[in-house]
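The following exercises concern the chain shown below. Each task is followed by a solution in steps.

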Amino acid sequence: MKNKTKTYVLLIAVLSIWGIIGYRIITTINPSKPKIENQYFDVAFNPKNNTKVDTFSIQTVNRDPFLGTLLVSNKTRISKKNTSKVKVNWIPVTYHGSISKQDAKNKVFIISIDGKQYPMKVGQTVNEVRLIRGYTNAVLVSYKGERKAIKKT
């Protein structure tokens with residue numbers, strides 16, 4: 001008989017625990033809605049008209065806010081001299097491409113000057129034509145002080 005009483009007591013305990021869990025689940029799914037009382041206010045909105053005009057003035061700042069030094073305006077400017085540029089007659093220059101190793105940063109550019117092909121590096125001069133910069137699709141060359149970008153043909 002002792003086993004049957006323990007079983008009945010445990011059965012009642014298990015059912016009561018599952019009953020509490022079921023009740024909490026049902027109450028969270030279907031909560032009761034609280035009553036909300038409407039409050040009516042009999043207040044009208046009447047804004048005030050502000051007729052004062054705020055005046056201000058902007059002054060120049062003579063101090064650098066980051067360095068803390070005074071700014072000095074250079075009123076005396078040097079005018080640029082009007083130099084007439086002489087039109088330079090370019091010799092025929094064409095760009096054919098570049099050659100480089102996989103790991104190397106230095107490229108060798110193939111450039112035709114007066115119909116002859118020359119391998120040139122940046123900064124090299126051939127027949128007064130100096131290679132200033134080189135890219136995969138164009139190069140920048142200088143001839144008698146005048147610069148020109150030449151696209152790949």
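**Exercise 1. Describe the turn of the hairpin formed by S2 and S3, and state the phi of Asp-114.**

Solution. Step 1: strands S2 and S3 make a hairpin in which 2 residues lie between them; strands here are DSSP runs (E, at least two residues), helices are DSSP runs (H or I, at least four residues), and both are numbered from the N terminus. The model is a predicted one, in which local features need pLDDT of at least 70, side-chain atom pairs count only at pLDDT 80 or more, and totals for chains, interfaces and linings use all residues. Residues are numbered from 1 along each chain as its sequence is written, and side-chain values use heavy atoms, with hydrogens and water left out.

Step 2: Asp-114, in the turn, has a positive phi of about 55 degrees, although Asp-114 is not a glycine. Its place is the loop between S2 and S3.

Step 3: Asp-114 has a relative accessible area of 46% and is therefore partly exposed (buried means under 20%, exposed over 50%, partly exposed in between, with a 1.4 Å probe and protein chains only).

Step 4: strand S2 (residues 108–113) and strand S3 (residues 116–120) run antiparallel and are joined by 5 bridges; two strands count as paired if DSSP finds at least two bridges between them. Within this pair, Phe-109 has Met-120 in S3 as its bridge partner.

**Exercise 2. In which order do the 3 strands of the open sheet that contains S1 follow one another, and how are they paired?**

Solution. Step 1: the order is S1-S2-S3, and the pairing is antiparallel.

Step 2: strand S1 (93–99) and S3 are at the edges; each has a single partner strand, so one side of each is left without a neighbour in the sheet.

Step 3: from one strand to the next, the twist averages 25 degrees (axes are lines fitted to C-alpha atoms, for helices over the stretch in contact, and angles run from 0 to 180 degrees between N-to-C directions).

Step 4: 6 bridges connect S1 with S2 in the antiparallel sense. Val-93 is placed opposite Ile-113 in S2.

**Exercise 3. Which are the edge strands of the open sheet of 4 strands?**

Solution. Step 1: the 4 strands are arranged as S4-S5-S6-S7 in an open sheet with antiparallel pairing.

Step 2: strand S4 (125–126) and strand S7 (146–151) are the edge strands, each pairing on one side only.

Step 3: S4 pairs with strand S5 (residues 129–134) over 2 bridges in the antiparallel sense. The bridge partner of Thr-125 in S5 is Arg-130.

Step 4: Lys-144 is located in the loop between strand S6 (138–143) and S7. Its phi is near 55 degrees, a positive value in a residue other than glycine. With a relative accessible area of 52%, Lys-144 is exposed.

**Exercise 4. Which residues form the nonpolar patch on the surface?**

Solution. Step 1: the patch consists of Val-14, Ile-17, Trp-18, Ile-21, Ile-25 and Ile-29, with about 620 Å² of accessible area together. Accessible areas come from the Shrake-Rupley method with a 1.4 Å probe, and for residues only the protein chains shown count as cover.

Step 2: patches are made of residues with over 30% relative accessible area and no salt bridge, like charges being joined within 9 Å and nonpolar side chains (Val, Leu, Ile, Met, Phe, Trp, Tyr) within 5 Å. A salt bridge is a side-chain nitrogen of Lys or Arg within 4 Å of a carboxyl oxygen of Asp or Glu.

Step 3: Val-14 belongs to helix H1 (residues 2–29). Val-14 has a relative accessible area of 43% and is partly exposed.

**Exercise 5. Compare the radius of gyration of the protein chain with that of a compact globule of 153 residues.**

Solution. Step 1: the protein chain contains 1 helix and 7 strands, in the sequence pattern α-β-β-β-β-β-β-β.

Step 2: the protein chain has a radius of gyration of 45 Å, whereas a compact globule of 153 residues would have one near 15 Å (taken over C-alpha atoms; the globule rule is 2.2 Å times the number of residues to the power 0.38).

Step 3: the C-alpha atoms fill a box of roughly 120 × 75 × 35 Å along the principal axes. Of the 153 residues, 15% count as buried.

Step 4: Lys-33, in the loop between H1 and S1, is 38 residues from Leu-71 in sequence and 70 Å from Leu-71 in space, C-alpha to C-alpha.
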